[in-house]
Amino acid sequence: MSPATTVIDNIGLLVTNDLAVGEAPLGIVRDASVVLEGSHIVAVGPAGAIADTRIDAGGMCVIPGFVDSHTHLVFAGDRSDEFAARMAGQPYQAGGIQTSVAATRSATTNELTRLATARRDEARRAGITTVEIKSGYGLDAANEVRCLQVAEHFTADTTFLGAHVVPREFEGRTDDYVHYVCNEMLLAALAHSRWIDAFCEVGAFDADQCRAVLTAGRAAGLGCRLHANQLGHGPGAQLAVELGCASADHCTYLTDADITALAASDTVATFLPATDFSTRQPYPDARRAIDAGVKVALATNCNPGSSYTTSMSFCLALAVRDMHMTVEEALTAATLGGARALRRGDVGHVAPGARADLLMLAAPSYSHFVYRPGVPIIDQVIEAGRLVVRSDHGPTK
Ligand code: NIG
């Protein structure tokens, strides 16, 4: 017996992100319906399609679920004092990561799972239907594996970030730590990871150390991503291109040469504007990058130090207001852009064959994410064909 079908009908404005399905920009279809069978979409067309079950979108807007391609959801501890000190004038320092490492190492696996589950649920309510999760607060083989095992509950896109910072027990011996990451830690993390990442920054790892880590990961079969150009100009963005990374993340400080290199590559520049908000950094010049042809994504970077938010809506608002992206560019970056950054063809768009990840909005247009900043306009979330969030307290339509 084939699985039951469901139609989401009476959609006033449907964003498909697929120009073979709808009109530019965003592959828009008006007065539309989407038919789901099991976890996938089987048809997109005019309103009035027939299925076993009908959900009425009430003439409102429906968009693909958000794809959050950069998070650090698995950690314990709280760094709100560090945030408050920063707002009072202290600079952001990657050294704060050690506070989260100590708390994470002390937490039981049950506690880490409980905390990560709460954050994943919060992200789902914020419309995130696909999430990438990094390790990086364990920083020894056993604790990195523990964090990755927790992350595996929520996603196949798990990322081994042993090269986040040098842990205290290796202080002054960065090369020894890099050797440990490339050998014993990588061997332990391999079965639980799809990606490998490193933090290329003054105070973390230099270009040669990051190259060593990513090259070892790639040789072991992992895909590569890189934290690049977050706190200042540096070699990260061009190193990401050189190594064929799927994404260079942050890209707050880009030179013309960085932009030229990214534009000529398949490496996605993943902007994390909630980080720049929370660390009082300038926002990336997304306009310059997009106009030069760089492929871009937007992600939350949910983590305890530099960006403790699961709100993609907040990122959209910052991207449009402060990074001069159009609303359409920002929405594409938070959906299809994230999918590209994860090399995923099954999410980030609405078309037959795609995973049925849909956000039904209590708003006539996706512009309301930015036009009504901070207002919870997501009414229902469908993830892999299942209704996982239903809001009873949506805003006035
Ligand atoms: O992406 N940049 C490195 N890692 C995180 C920050 C982690 C922290 O401060 O705890 C980031 O911003």
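Visitor: Is T279 buried or exposed, and what is its relative accessible area?

Guide: Buried means under 20% relative accessible area, exposed over 50%, and partly exposed in between, with a 1.4 Å probe and protein chains only. T279 is buried, at a relative accessible area of 4%. This is a predicted model, in which local features need pLDDT of at least 70 and side-chain atom pairs count only at pLDDT 80 or more, while totals for chains, interfaces and linings use all residues. Residues are numbered from 1 along each chain as its sequence is written, and side-chain values use heavy atoms, with hydrogens and water left out.

Visitor: Where does T279 lie, and with which residues is it in contact, leaving aside its neighbours within four places in sequence?

Guide: Helices (H or I, at least four residues) and strands (E, at least two) are DSSP runs, numbered from the N terminus. T279 lies in the loop between helix 9 and helix 10 (286-291). Contact means heavy atoms within 4.5 Å. Apart from neighbours within four places in sequence, T279 is in contact with R86, Y92 and S306.

Visitor: How many residues of helix 11 are buried, and what covers them?

Guide: In helix 11 (residues 312-322), 8 of the 11 residues are buried, so this helix is largely enclosed by the rest of the structure. Those buried residues are M312, S313, C315, L316, A317, L318, A319 and V320. Their cover includes strand 6 (66-68), helix 9 (273-278), strand 14 (296-298), helix 12 (327-341) and helix 13 (368-371). Just after helix 11, H324 takes a positive phi of about 60°.

Visitor: At what angle do the axes of helix 11 and helix 12 cross?

Guide: Axes are lines fitted to C-alpha atoms, for helices over the stretch in contact, and angles run from 0 to 180 degrees between N-to-C directions. Angles under 35 degrees count as roughly parallel, over 145 as roughly antiparallel, 65 to 115 as roughly perpendicular and the rest as oblique. The axes of helix 11 and helix 12 come within 9 Å and cross at roughly 140°, which makes helix 11 oblique to helix 12. The contact joins M312, L316, A319 and V320 of helix 11 to V327, A330, L331 and A334 of helix 12.

Visitor: How do the residues of this contact divide by class?

Guide: Ala, Val, Leu, Ile, Met, Phe, Trp, Tyr, Cys and Pro count as nonpolar, Asp, Glu, Lys and Arg as charged, and the others, Gly among them, as polar. The contact of helix 11 with helix 12 has 8 nonpolar, no polar and no charged residues.

Visitor: In what order do the 7 strands of the open sheet stand?

Guide: Two strands pair if DSSP finds at least two bridges between them. The 7 strands of this open sheet follow the order 8-9-10-11-12-13-14, with parallel pairing. Strand 8 (133-134) and strand 14 stand at the edges, each with a single partner strand, so one side of each is left without a neighbour in the sheet. Helix 4 (residues 141-152) packs on the sheet, where it touches strand 8 and strand 9 (158-163), and its direction makes about 160° with that of strand 9. Within the sheet, strand 12 (residues 247-250) and strand 13 (residues 268-271) pair in the parallel sense over 3 bridges, and A248 stands opposite A269 in strand 13.

Visitor: Which strands does helix 6 lie across?

Guide: Helix 6 (residues 207-219) lies across strand 9, strand 10 (195-200) and strand 11 (223-228), running at about 180° to strand 10.
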